[in-house]
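Here are my notes on the fold, for your reading alongside the coordinates. Please go through them point by point.

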Amino acid sequence: MSASRSPLGTGDGQRRLALLRRVVEDLSAESNLDRVVETVAELVSEATGADACFVHIVDSERRELTLAGATPPFDSLAGTIRLGIGEGVAGWVAMTGKPAVVRDKWSDPRYLYIPALKGEEFSCLVSVPMMRRNQGAVGVLNAHWREQREVTEAELDTLEDVAKMLAGAVENSLLYKRLAEREAALASFAGRTIEAQEAERRRLAADIHDGVAQRLLSLSYHLDAARAANPEEPEQVSKELDSAMSLLRGALDEVRGAIDGLRPGVLDDLGLDAGIESLARSLVGVNTRVDLEPIALSEHLETALYRIAQEALQNVARHAKASFVSVSLHKAEDKAVLSVADNGVGMAGDPPPHGHYGIVGMKERAELVGGVFEIFSRPGEGTRVVVRVPIPN
Ligand SMILES: Nc1ncnc2c1ncn2[C@@H]1O[C@H](COP(=O)(O)OP(=O)(O)O)[C@@H](O)[C@H]1O
Ligand SMILES: [Mg+2]
């Protein structure tokens with residue numbers, strides 16, 4: 001433990017300040033997270049005399065850590081090393097939010113040997129969490145030394161400070177990425193909405209032409225016939241009027257049907273839970289279990305969830321060959337969670353062939369309202385669609 005290998009020892013406030021300043025400069029000058037992470041790893045290793053420095057970032061959806069950057073030669077491994085939360089020292093630090101100082105890794109139960117990271121070359125490891133207030137760790141910063149050494153409180157403090165700064169940058173870049181995804185979903189959704197609108201207009205025109213207009217035309221013939229009928233033959237008159245009445249009812253049904261296709265009126269009449277229930281119950285030959293909690297949602301969230309449920313159930317009817325489907329809607333913290341699960345044939349992970357917009361559309365609808373869409377399916381093991389949308393307060 002020579003003094004030169006401990007440049008951030010107690011009393012070395014100047015160097016510590018210089019490091020923090022350079023990290024701040026770097027974070028504000030560079031918006032590309034990968035490069036930020038890379039440079040910070042180098043700054044830390046330079047300032048602490050560490051022989052290698054790694055930055056792992058938490059992917060909260062996949063519940064794992066990914067190596068995002070490191071000092072050379074390990075920088076080439078960025079993106080290739082993944083650890084579960086709780087796995088290895090970095091996983092433990094991400095899980096507990098506590099720093100770890102490991103001097104004897106082979107006897108430390110948290111240590112996980114990953115050949116590519118050449119753990120055998122290093123004797124001392126410090127791992128600190130990148131903490132965000134109220135959110136736990138968004139990543140982990142690891143420093144490794146070849147030689148055995150003491151790690152001072154001051155060094156640990158410094159590493160934790162650097163990690164906190166990195167946490168802010170990571171969080172910003174994640175928010176930015178999410179925003180960019182929503183923007184892309186919005187653009188693609190807008191395009192498809194216009195196409196859908198055109199298709200909808202054609203459908204409406206066809207519905208009106210083939211259905212309503214035809215019925216109204218024959219209705220007018222029957223009324224003409226009633227007027228022209230001999231008043232001495234009231235039976236003839238009432239027969240024509242009956243036919244006219246029945247055509248009128250048919251036309252009314254057609255109009256209602258056409259309007260329903262445009263906007264699910266059931267949402268206004270019955271609410272989302274009953275609306276989804278009636279969709280589920282209308283599946284033929286499939287046992288349904290529904291567990292739907294009435295949740296107060298804005299109109300556009302209701303429409304989004306209704307349309308997603310409708311498409312998911314249509315897919316069950318068209319593709320799944322299922323005997324059972326379970327539909328649930330409930331509130332979990334500040335999210336509404338909709339799930340549609342069938343016990344049908346399932347599908348392989350291949351992207352759907354061109355021209356199939358159901359799954360894409362469900363995903364876009366969910367993302368458009370800030371939600372997350374997931375589909376779990378394997379051949380022979382059924383399909384489950386899960387949508388989580390945030391409920392604004
Ligand atoms: N519940 C399901 N069970 C089995 N296969 C499904 C299910 N949902 C979707 N699929 C498969 O995924 C494909 C794409 O679905 P989708 O995007 O909704 O388009 P479409 O329904 O028009 O085919 C379907 O053609 C079908 O092969
Ligand atoms: Mg479909």
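This is a predicted model: local features need pLDDT of at least 70, side-chain atom pairs count only at pLDDT 80 or more; totals for chains, interfaces and linings use all residues.

The points below cover the sheet, its helices and the nonpolar cores.

1. Sheet order. Six strands make up an open sheet, ordered β3-β2-β1-β6-β5-β4. Pairing is antiparallel. The edges are β3 (82–84) and β4 (100–102), and each pairs on one side only. From one strand to the next, the twist averages 25°.

2. The β5/β6 pair. Strand β5 covers residues 124–132 and strand β6 residues 136–145. Nine bridges join them in the antiparallel sense.

3. Helix α3 (residues 88–96) lies across β1, β2, β3, β4, β5 and β6. Relative to β5, α3 runs at about 30°.

4. Largest core. The largest nonpolar core has 36 residues. Within it, L305, V327, L338 and V387 touch the most other members. Elements that each supply at least two residues include α6 (265–270), α7 (272–281), β8 (324–332), β9 (335–342) and β11 (383–390). Helix α8 gives the largest share, 10 residues.

5. V327 close up. Leaving aside residues up to four places away in sequence, V327 touches I276, A280, R289, V290, D291, L292, L313, L338, S339 and V340.

6. Second core. A separate core of 34 residues includes L19, L27, V40 and L156.

Key:
Residues are numbered from 1 along each chain as its sequence is written. Chains are lettered from A and ligands numbered from 1 in the order in which they are written. Side-chain values use heavy atoms; hydrogens and water are left out. A nonpolar core is a set of buried Ala, Val, Leu, Ile, Met, Phe, Trp, Tyr and Cys residues joined through side-chain atoms within 4.5 Å. Buried means under 20% relative accessible area, exposed over 50%, partly exposed in between (1.4 Å probe, protein chains only). Helices (H or I, at least four residues) and strands (E, at least two) are DSSP runs, numbered from the N terminus. Contact means heavy atoms within 4.5 Å. Two strands pair if DSSP finds at least two bridges between them. Axes are lines fitted to C-alpha atoms, for helices over the stretch in contact, and angles run from 0 to 180 degrees between N-to-C directions.
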